[in-house]
Amino acid sequence: MLERRSEPLAVAIDDGIALVRLARPDKRNALDSASIAGLERIFTELPPAVRAVVLHGEGDHFSAGLDLSDLEERDAAAGLAHSRLWHRAFERIEHCGVPVIAVLHGAVVGGGLELAASAHLRVAERGAFYALPEGSRGIFVGGGGSVRLPRLIGVARMMDMMLTGRTYGAEEGVSLGFSQYLAEPGAGLAKGVELARRVAENAPLTNFALIEALPRIADSDPATGLLLESLMSAVAQAAPEAKDRLRAFLDKRAGKVVHRG
Ligand code: 1HE
């Protein structure tokens with residue numbers, strides 16, 4: 001596996017899975033301008049052979065959020081531009097064309113939580129914790145958190161976190177929607193890669209439908225959503241790969257649905 005490291009990020013690609021690592025452990029992976037620009041570049045230029053991405057953090061924490069030393073004296077226009085840079089980078093993650101799995105450990109706070117929310121799945125190691133300290137720092141979220149986090153945890157919970165500084169741990173976080181999976185300390189990356197390998201087996205058009213169509217359908221009015229669903233469904237089932245997969249099941253060459261409990 002060849003790793004390309006250009007501080008503050010490192011990228012390695014192994015058998016169709018890209019591992020993207022936040023690599024500023026000394027600063028708890030705080031997100032400075034170089035990190036945001038690097039994320040935008042990496043997720044814009046993913047090689048076509050990549051079928052899933054695992055996003056993780058080096059050191060004891062996933063990310064301490066916005067690099068507060070980056071918060072120079074900004075007027076409103078500069079603040080707006082800064083937030084839009086974050087939006088652009090995180091939209092590249094959300095719409096990079098393949099599923100992105102974030103592996104969370106230690107602090108997942110502020111902009112770090114906003115970053116995690118732009119991934120499609122989240123695995124949290126026991127010991128991970130979530131916070132939105134923007135409330136007590138006199139600022140507001142600016143990395144898409146007010147759009148993406150309510151979808152995961154609801155407006156009331158996000159408001160409480162920002163008003164009162166309330167934090168949540170990994171175990172509670174699974175049932176509340178912060179993450180879908182829980183892993184033992186140190187085992188998150190392996191779990192993230194296992195999930196990435198699993199989702200990479202899906203037909204690319206299915207993954208496209210799930211990451212591009214499903215969220216938009218869910219945000220649509222019902223009539224528009226139902227039409228979009230029919231259109232997406234028609235396109236997906238017409239693909240040769242779908243025909244092959246259906247034929248494999250009917251010929252008893254494909255596995256049955258198994259519930260592992
Ligand atoms: C940082 C940052 C940072 C650490 N910007 N430098 N985010 C926050 O308000 C979270 C602030 N950070 C913390 O609360 C703690 O650092 C942690 C709980 C994440 C980790 O604690 P710990 O004890 O492991 O590390 P530390 O000793 O606090 O920090 C180690 C170093 O990282 C230290 O620098 P050093 O030069 O003294 O070694 C810290 O200053 C530095 N560091 N976090 C800059 N965030 C798009 S809008 C998004 C808005 C937000 O994200 S607001 C939330 C910001």
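Modeller: Gladly. Let us begin with exposure: a residue is called buried under 20% relative accessible area, exposed over 50%, and partly exposed in between. Keep in mind too that this is a predicted model.

Colleague: Is L71 buried, partly exposed or exposed?

Modeller: L71 has a relative accessible area of 36%, so it counts as partly exposed. You will find L71 in the loop between β4 (52-57) and α2 (76-94).

Colleague: Which residues form a nonpolar patch on the surface?

Modeller: L71 is one of them: together with L68 and I139 it makes up a nonpolar surface patch, and the three share about 230 Å² of accessible area.

Colleague: With which residues is S118 in contact, leaving aside neighbours within four places in sequence?

Modeller: Those contacts of S118 are F90, I93, E94 and R148.

Colleague: Now for charges. How many salt bridges does the structure hold?

Modeller: The general idea is that side chains of opposite charge can pair when their charged atoms come close. In this structure there are 17 salt bridges. Take D67 and R24, whose closest N and O atoms are 2.8 Å apart. This pair links distant parts of the chain, 43 residues apart: D67 sits in the loop between β4 and α2, and R24 in the loop between β3 (17-22) and α1 (33-44).

Colleague: Are D67 and R24 buried or exposed?

Modeller: Both D67 and R24 are buried. R151 has 47% relative accessibility, so it counts as partly exposed.

Colleague: What about a pair within one helix? How far apart are the closest N and O atoms of R245 and E241?

Modeller: In that salt bridge the distance is 2.9 Å. R245 and E241 are separated by about one helical turn, because they lie 4 residues apart in helix α11 (residues 240-250). R245 is partly exposed, with a relative accessible area of 38%, and E241 is partly exposed as well, at 31% relative accessibility.

Colleague: Last topic, the ligand. How many residues surround the ligand, and which are the closest?

Modeller: The ligand is surrounded by 22 residues, the closest being K27, A64, L68, G111 and R137. At least two residues of this shell come from each of β6 (107-109), α3 and α4 (134-137).

Colleague: Which part of L66 lies 2.8 Å from an oxygen atom of the ligand?

Modeller: For L66 it is a polar backbone atom. K27 instead places a polar side-chain atom 2.6 Å from a ligand oxygen, and R28 has a polar side-chain atom 2.9 Å from an oxygen atom of the ligand. As for cover, the ligand taken alone exposes 1,000 Å², of which the protein buries 65%.

Note on methods:
Residues are numbered from 1 along each chain as its sequence is written. This is a predicted model: local features need pLDDT of at least 70, side-chain atom pairs count only at pLDDT 80 or more; totals for chains, interfaces and linings use all residues. Side-chain values use heavy atoms; hydrogens and water are left out. Patches are made of residues with over 30% relative accessible area and no salt bridge: like charges are joined within 9 Å, nonpolar side chains (Val, Leu, Ile, Met, Phe, Trp, Tyr) within 5 Å. Accessible areas come from the Shrake-Rupley method with a 1.4 Å probe; for residues, only the protein chains shown count as cover. A salt bridge is a side-chain nitrogen of Lys or Arg within 4 Å of a carboxyl oxygen of Asp or Glu. Buried means under 20% relative accessible area, exposed over 50%, partly exposed in between (1.4 Å probe, protein chains only). Contact means heavy atoms within 4.5 Å. A residue is near a molecule or strand if one of its heavy atoms lies within 4 Å of it. A polar contact is a pair of N or O atoms within 3.5 Å; within protein, one must be able to donate a hydrogen and the other to accept it, and residues adjacent in sequence count only if both atoms are side-chain atoms.
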